[in-house]
Every structure is written in structure tokens, then in C-alpha cells.
Amino acid sequence: MAHAIDIAHDDQPATGIKRWLFATNHKDIGTMYLVFSLIMFFVGGTMAMIIRAELFEPGLQFVDPGFFNEMTTMHALVMIFGAVMPAFVGLANWMIPLQLGAPDMALPRMNNFSFWILPFAFTLLLSTLFVPGGAPAGGWTMYPPLSLQFGDSFPMMIFAIHLMGISSIMGAINVIVTILNMRAPGMPLLKMPLFCWSWLITAYLLIAVMPVLAGVVTMLLTDHFFKTSFFNAAGGGDPLMFEHIFWFFGHPEVYIMILPAFGVISEIIPTFSRKPLFGATSMIYAIASIAFLSFIVWGHHMFADGMPLAAQMFFMMSTMLIAVPTGVKVFNWTATMWRGSLSFEPPMLFAIGFLFMFTIGGFSGVMLALVPADYQYNQSYFVVAHFHYVLVPGAVFAIMGAVYYWLPKWTGNMYSMTLAKTHFWLSTIFVNVLFFPQHFLGLAGMPRRIPDYAVQFTDWNMVSSIGAFGFGLSQILFAIAIIQCVRGGQKATAKVWGGATPTGLEWTIPSPAPYHSFTTAPEIH
Amino acid sequence: MNVNRLTAIDDKPGRPRGLKLASIAIAIVGAIAAARSASANTSNGINLPRGVTVLSRDIYSLHMLVFWICVGIAVVVFGTMIVAMVKFRHSQGAIPDTTMVHSTKVEIVWTIIPVVILIVMAVPAALSILKIEDTRNSDLSIRVTGYQWKWQYQYMDAAAGINYFSTLSASSNFARQLHSGIDPRTVPHYLLSVDHPLVIPSGVKVRLLLTSADVIHAWWVPDFGMKRDAIPGFINEMWIKVLPGKEGVYRGQCAALCGRDHGFMPIVVDVKTPADFKKWVEDQKAALKQAQAAPAAPAAAASAPPRTAATLPLTAKL
């Protein structure tokens, strides 16, 4: 059309707010996702600090039990949907076109839309803190009948979840279309970088399960406002059915948050081991098998809910099977380091931290899979320790590793290595002080989601809270390192990690990456 | 109240002299153990309790088996990673072996070994589930109903008619209020004591039928090895057989988020010998009869049937 003057086709970005509001450039949108995610990381982190402050000592010192429940619920929703998922989408936006040799994402306007939904979704979600009755307080799992007791926050939360789901689905469609159509000529799927592979599979998971979440929260909504009885036993409904549908979404959701992390780690470890990834093809198959298994293990969240014997056996076995492809991944990363030539720049430190601590989360995962033991572990702090080990030194460390890995490529500047390494060591020490004692608390009998506890749990709660404050404060260093790097610093080369051996098309373009890259497809040999 | 404990530190005397550090360490452990003597269960504070039922012992052994297998795997895997980090350092001039990119043989081996290890874990687990799910042939059934935020216990079989509510004890309830000014450490069994505990006999199979009147709750006493959800519209089953000789008071909590006061609906179980339990049942029934016979009480009692028993002279506060 003659009148269409496309900003994206200009050589230089638009100026001012227009650059961001009307952004169609994958780099701008990626930046917005990452900045949004960092803000949400601090918002959700503040909630965690409130939780740990209240749990520092037995007795209620700071908050009402109802507000405590609001904090645990909102902390989870903000961290899952606001921090971890947008961070990975941001990384995908920045890196997938650069790794594929594509000029942009395939659907740039949809890309703009899928980002700009998020600030509205989270404004809506966070505003529930100020409505009568307070924010949702039934846990992020929203089990009815409890969730049906919420006040005005209830429809707001559900609408916010719908918005987040729409955003995720659009983001996922964009990733799939880009990867399947816009790879540089001569790049077959199996030669594609592991980060793109992990995202391709994650995107399919998102498209498969986000509609399930949308459906189940809509059923909650009609139960609440339109007198249906999907989940209301008194009306012939079934509260357990909610849990089945929710976890059919919820378990793949867990992998949505960890598979891209696998991709990141598979990029970083070879670079700083100066050696190609060991068993790259089996790594891809491992991700695919984990993704498949994620659809048939949801029942392991519900063993104590009362389940037929055969179902318990099935879900136990299928869950334990996940350990096999996950084990292959850990062994392959270790084999990549073996007989390599290792250096320990910040991204590598975070990758190695991931390797150790994600594996600890994997061990407790296998323990939780065993039905009889699960009767003791589940709903206790042991579960809290387990999923935080997988998500914080797992997913979050991978995100931080990715940021430290590609930040010089994005900004053209090196960040302060000392600051980044300090950030790593403080984070690693405190994250263990924070979460390791929670294993003890859970085993000793402390349930999760309680604002106050019996006095024999005091010692480890104090230790855990000290770890939490330390971990929270350490993240300020992360923000400082990023801000400093954006504002200036030693100039980065095109290869950034010249001494190491980064492979991939993103290292063939200058740093910072020009506003338009790969306008002509690169040649691949 | 005597609580059975398996974790008593009883090796304090008889240490070789001169080992100052060791004795200090033991003193610290002793102090922690003493602090824990107020503890509600047989856990040592960092591990699962071995518990006092047939099932809890099975579950504990399974837990320890899996734990040590995980420790073994961790030593091998983390050991390899650490060796790699020490041995193959760029700063020490390590030359990367860039030809080492793939080995089908090795990959098959490290797929098969985990499968074998998983089978080793799955077999005892599966056998244990069969045992847990077998709720047949119970000697006593008790219906447990969760409410926001208390438990109701309705006895059946030989104890039919006994029926009462169990709520957080008043002393804990005062102390747990925001800015109460009461130090929880001064409250006996803070948050783990109730007005009327559940009373069960040892040595027999007690079946609990769990349901809920409002939202989902979960009944969990760690020393019994199990938790089960109490769900409105459903009846879940679990069984407890406390080993003879392990009579005492055991404590737990609601384990499923059930609203504002989820943290404040504890579970206390008083396990009596079968003879003592029989006597307790007779006392309760006698009191029940008396209450029904008394002319003044019925008006109030009849209007709220499930609550009648709450006025019974139950056992002393625990």
C-alpha cells in the first residue's frame, strides 16, 4: 500500500516514546520484555521479602494472615508470568533472529501487541492489592472452592491471566513461524543452535497448554458469577476436576520455564569450554522427550488428593522417566566440559551454578515422584525447596547467565567483570542459605503457605530469611551491572568472548548489534 | 504430657577427656536437642520422622533409600564436574579436545544406568503404595471433616456416637494474633495444641474417612507418615496403625491452603492403649448419655446437633 510508511524499514529507530509504543523491531521489543521482566523480578522479590520477614520468627509481627496469603499468591503469579516467562521471550526476541540469520521476527506487529498486553495485564493484577477484600489469596494454583471465596480481585485476576495467556500464545506463534520460515539458507533444523531448538519446543508447549489454563479459569469465572457448578460439589460438580485441568496446564508450564534455560546453558558451556556441545543431537531429542513427558505426569501434583491405585502407579512411573532425558542433558553438559579448556567468565559461572543447583532440584524431584514419600513431602516446605531450586538457581540463573553472555552484544559495551562475579558469588551463597534449609523444614513437618509456625521450626526459618534478604539485596548488583553497561564501558568486539570460542551467527555481526541485522541472508558453510 | 521420642541424645557422658571441641559440639547438639524437646514430633529437625506407624516406618526407609541413592549419584556427577573444573582450566593451559563431540556408546550407557536406578527405587515404592491403599479390615473408623478452620471427628463402629470439634487451643490463639505481645516460645506447643484432640487406640487399624464442609483441607500428622486431602463432595480414606508401645501425643497441621487461618488449624492425636481407649470411649458415652438426660441442656443441644459433643468433658487440654 502506497501510504504505508513503515518505521521498521527506516534505517534509524524512531525517537522518543514512539520508538517503544510502535516498536516492531525485534531488538526493541526484546529490550522491553527484558526490562519489564527485571522490574517484575524486583516487584515479586519485594513480596518474597515480606513473606520471609514475617517468617523470620514465630508469631505474627508484620502482616495479617490474609495479607500473607495475598503475598504468596501474588509472588508466584508475578514471578512466573511476569519475571521468568517474559525474560525468556525477551531473550527469544533478541537472539532467535540473530542466531537464525533472519532480519526480524516473522510477525513484527503481533510481536508489538504481545508485549504491550503485558504491562496492562500486570497493572490489572497488581491493582487487586488495592481492591476491597484484597488480592487473590488462594495460592497461584487457585484451587476451588477456596478461590471462589475471593472478592473483587477474582474477576480481575482471571482477566489478567487471560491477557497473559494471549500474550504468551502470540509470542509462541511468532517464535514458531520465525524458526520454521526464516532460517538462513543452508541451516537445516538439526543444525540450528540449541537455544532456538529449546524455544521451538517451548513454543509448542505454550500453544498447547495456555488455552487449557484460559479454559479452566473461565470455568471458575462462570462458577462464581453465572451459577454453573463445574467445580462445586453441592451442585454436582467436582473440585478435583479443577486440579486435573489446572495441572494439565501446570506441569508443561514448569517446563516452559526450564526448557529455554536448557537452551541457554547449552550455548554458554561450549563457549567457555572452547569445545563443541557434546551430543548436540541427543540434547535436542532429550528436550523433545521432556516436552512429551510433561503432558503425562500432571497427576504427581495430586497424589495426596486421593487417586485410583492404577493412576498413582502410572503417574509415579511417568514422572520418574523424566529423570532419564534430564540426566542425559546433565551428563552431556558435563561431557562438554570434560577435556575442554575452561575459563570462568560470569556467564560460565552462572551456567556452572545452574548445573549444580538445578541437579539438586532434580534429586528432590525424583524423591517427590515416589508416591509413598510424596505423602510426606507434598504441601510441605520440602516442595517449596524443590521448585525454588529448579526455578531460582535453575531458570533465573540461566536468565542471568544469558544476560551476562549477550549483554555486550546488545549494548556494545563490556560490563564490570568484578561486579558480575560478585553478583554471582553472593547470589550463589545466599540462594543456598535461603532454600537449602527449607528441605529440613519440610521434612521436619512444616507445611507450606503458613504465616506463622510452631517454635521448633524457628532456627531454619531464621537462616532461610537471612538468605532471602541477602539474595534480594545481591540482585541490586545485577541491576547496577546492567545499567552501567548500557551507559558505557570498555568497547566489546564482534566476538565479545574472543578468547573463548563463541559459535553462532550472532557473533558475526558487530557489537552492538546494528538496528537492522541480516537484511541480506548470511551464507552458511 | 509424655511424647515418645526417638531422637534423645543419650551419649553425653563418657566422652574422652581433652576433646574440648568435641564436647563443645556435643553440648551444642545437646542444647539444640533440649530446645527441641518441645518439639511436636519425632523428627530431629532436619529429617523426616521415622514415625510410629507401620506405614510411616516403610515410608521413612523408602525416603532414606532414595536419599542415599541421590547422594551417591551426586558424588559421582558433582565429582566429575569438579574434576573437570580443576583439571581442564584454560588458565592452566589446557588444550580442548574438539574432536570429542559424540559417542553413541557412552550415551546409551548413561541412559540405561538411570533407568536401572529408577527401577530400584520404583519397586519398593510400588509395594508400599499397595499397602497404603489397602484400607480393608479396619477395626475402627472415624470420619474427619475439615472446616474453615477446625476439624470435626465423628467416631463409628464401637465408638459410634462420639462426635466433637477440635480447634486451636486458646493460649495459642491469643499468642498468634498480630502484635499480641505474647512470646510464642512461652506458649506450650504453640500452634500445635487443640482443645479436644483426636483419641485413637494403638495396635489396631484405624481408618480415617476424610471430607470437608467448605474448601479443600489436608490432614497431616508427620509421625503417621501420611497426609490426605479432605475435599468437599469426596470421601478419602487413609489408615493408621500405631505400633504398640508408641502411645503418646502426636501433632500435625492442615497441609492444604484453606484460607486466612490455614496456619491455625492444628491436629493433635492422643494415642492410647486399647484398654485406655476403651475406658475413654465408655466415659465419653456415659457423659453423652448424661448430657442427653439432663433436662436443661437439650434445647440448645438439639438445635445444633454436631456441636453437642463439644460440651462433653473431654480429656484435659493437650
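Predicted model: local features only at pLDDT ≥ 70, side-chain atom pairs only at ≥ 80, totals over all residues.

**Spaces, interface and a hairpin**

The residues that line the second largest pocket divide into 13 nonpolar, twelve polar and five charged. The pocket has a volume of about 850 Å³, and among the 30 residues of its lining, A:Lys191, A:Met192, A:Pro193, A:Thr503 and A:Gly504 lie nearest its centre. Helix H7 (239-273) and helix H8 (280-293) of chain A are the elements that give two or more residues to this lining, and the largest share, four residues, comes from H7(A).

The largest cavity has a volume of about 100 Å³, and its lining draws on both chains, with A:Gly138, A:Tyr143, A:Gln379 and A:Arg449 among the residues from chain A, and B:Val215, B:Ile216, B:Ala256 and B:Leu257 from chain B. By class, that lining has eight nonpolar, three polar and one charged residues. The second largest cavity holds about 80 Å³ of space, and the residues that line it include A:Tyr33, A:Phe81, A:Met85, A:Leu118 and A:Met164. Helix H3 (65-100) and helix H5 (153-181) of chain A each supply at least two residues of this lining, which has seven nonpolar, three polar and no charged residues.

How many residues of chain A are in contact with chain B? In the model, 100 residues of chain A are in contact with 91 residues of chain B. The two chains bury about 8000 Å² between them, with 69% of it on carbon and sulfur atoms. Of the area that chain A buries against chain B, 9% is supplied by A:Trp338, A:Tyr375 and A:Gln376, which is more than any other three residues supply.

Within chain B, strand E6 (residues 217-221) runs antiparallel to E7(B), and five bridges join the two. They form a hairpin with four residues between them, and B:Gly225 in the turn has a positive phi of about 80 degrees. Across the pair, B:Trp219 stands opposite B:Arg228 in E7(B). From E7(B), B:Met226, B:Arg228 and B:Ala230 point one way, whereas B:Lys227 and B:Asp229 point the other way, and all of these are buried. Because five of the five residues of strand E7 (residues 226-230) of chain B are buried, this strand is largely enclosed by the rest of the structure.

Note on methods:
Residues numbered from 1 in each chain as written. Chains lettered and ligands numbered in written order. Heavy atoms only, no water. Buried < 20%, exposed > 50% of the residue type's maximum accessible area, 1.4 Å probe, protein only. Pairing = 2+ DSSP bridges. 1 Å grid on protein atoms, 1.4 Å probe; cavity = no way out; pocket = protein on both sides within 12 Å on 5 of 7 lines; lining within 4 Å. Points joined across faces, edges and corners; volume = space filled by probe spheres on them. Nonpolar A, V, L, I, M, F, W, Y, C, P; charged D, E, K, R; others polar. Contact = heavy atoms within 4.5 Å. Buried area = accessible area lost by both parts, 1.4 Å probe.
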